Amino acid sequence: MVESKPKLPKPGRPVRGSTTGKPVMALIDLMGRRWILRILWELRGQPLTFRALQEACGRLSPSVLNGRLGELRAAALVDAGDDGYALTALGRELLTQFSSLTVWAEKWAKALR
């Protein structure tokens, strides 16, 4: 049996864990995919070539990296250019939204100690 490729989570249609189609649920589904957050994080400073990004992600397999980059490009968060892969304006904005989540996570970690 051939395994079908999971569809890109998109607002307006059901995603893993939710049938509502709400944009936040589609985002959570996308961000929950293995390696997605790591790739976004590694692209935070500058564009990276495929090989440099693969190395930054701990020698992630080329097929997985290629698949995740395809998903991030389809989601308009990453684009490919002459310098390699880079965050789009939307991708950069998403990373800035994580800053308040980081602050909350630090408080949470202290509360659990």
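Residues 24 or more positions apart account for 41% of the contacts with a separation of 6 or more in this predicted chain, where contact means heavy atoms within 4.5 Å. The model is predicted, with local features needing pLDDT of at least 70 and side-chain atom pairs counting only at pLDDT 80 or more, while totals for chains, interfaces and linings use all residues. Residues are numbered from 1 along each chain as its sequence is written, and side-chain values use heavy atoms, leaving out hydrogens and water.

Let us turn to the fold. Five helices and two strands make up the chain, in the order α-α-α-α-β-β-α along the sequence. These elements are DSSP runs numbered from the N terminus (helices are H or I with at least four residues, strands are E with at least two).

Here are some values for the whole chain.

| Property | Value |
|---|---|
| Span of the C-alpha trace along its principal axes | about 40 × 35 × 30 Å |
| Buried share of the 113 residues | 30% |
| Accessible surface | about 8,000 Å² |
| Carbon and sulfur share of the accessible surface | 57% |

Buried here means under 20% relative accessible area, exposed means over 50%, and partly exposed lies in between (1.4 Å probe, protein chains only). The areas come from the Shrake-Rupley method with a 1.4 Å probe, and for residues only the protein chains shown count as cover.

Now to the interior. In soluble globular proteins, nonpolar side chains tend to be buried together. The largest nonpolar core in this model holds 20 residues, and those with the most contacts inside it are Ile39, Leu40, Leu43, Leu53 and Val78. Two or more residues come from each of helix H1 (23-31), helix H2 (36-42), helix H4 (62-74), strand E2 (84-87) and helix H5 (89-112). Such a core is a set of buried Ala, Val, Leu, Ile, Met, Phe, Trp, Tyr and Cys residues joined through side-chain atoms within 4.5 Å.

In H1, the buried residues are Ala26, Asp29, Leu30 and Met31, and they pack against H2 and H5.

Leu30 also leads us to Ala75, which contacts Leu8 and Leu30 when neighbours within four places in sequence are left aside. Ala75 sits in the loop between H4 and strand E1 (78-81). Ala75 counts as partly exposed because its relative accessibility is 22%.
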